[in-house]
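Here are some quick notes to read with the model open beside you.

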Amino acid sequence: MREPRLTLITRPGCHLCEDARVALDRVVAVTGDRWTEKDVTDDIELEREYGDRLPVVLLDGKEHGYWRVEEERLLRDLTTPQL
């Protein structure tokens with residue numbers, strides 16, 4: 001099984017992070033993809049990079065968005081064939 005294409009960067013106690021988890025669950029229910037979560041409190045580099053704009057969604061290791069999950073855009077990007 002390959003690594004999840006989606007990563008959610010979060011921190012404990014973040015209410016927007018909880019909303020993002022729910023949104024990602026809706027997206028992967030449609031696409032069949034999986035997602036993983038990384039907590040910035042476990043990684044100083046993630047904290048430096050993303051700490052002021054959590055949650056952050058990474059798609060294939062690249063920033064896809066932050067604060068809110070743009071579900072329609074994410075669905076489109078996950079289902080569009082990669083060149």
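1. Cys-14 and Cys-17 are both buried. Keep in mind that this is a predicted model, so to speak a computed picture throughout.

2. What joins Cys-14 to Cys-17? A disulfide does, with 2.4 Å from S to S. A pair of cysteine sulfurs counts as a disulfide within 2.5 Å, and by that rule the count here comes to 1.

3. Which hand does this disulfide have? The torsion about the S-S bond of Cys-14 and Cys-17 is about 80°, so the disulfide is right-handed.

4. Now for the sheet. There are 4 strands in it, the sheet is open, and reading across you get β2-β1-β3-β4, with mixed pairing. At the edges you'll find β2 (35–39) and β4 (62–66); each has a single partner strand, so one side of each is left without a neighbour in the sheet. On average, neighbouring strands are turned by 25° against each other, ignoring direction.

5. Take a look at β1 and β3 next. Strand β1 covers residues 6–10 and strand β3 covers residues 56–59; the two run antiparallel and are joined by 4 bridges.

How values were computed: Residues numbered from 1 in each chain as written. Predicted model: local features only at pLDDT ≥ 70, side-chain atom pairs only at ≥ 80, totals over all residues. Heavy atoms only, no water. Pairing = 2+ DSSP bridges. Axes fitted to C-alpha atoms, helices over the stretch in contact; angles between N-to-C directions. Buried < 20%, exposed > 50% of the residue type's maximum accessible area, 1.4 Å probe, protein only.
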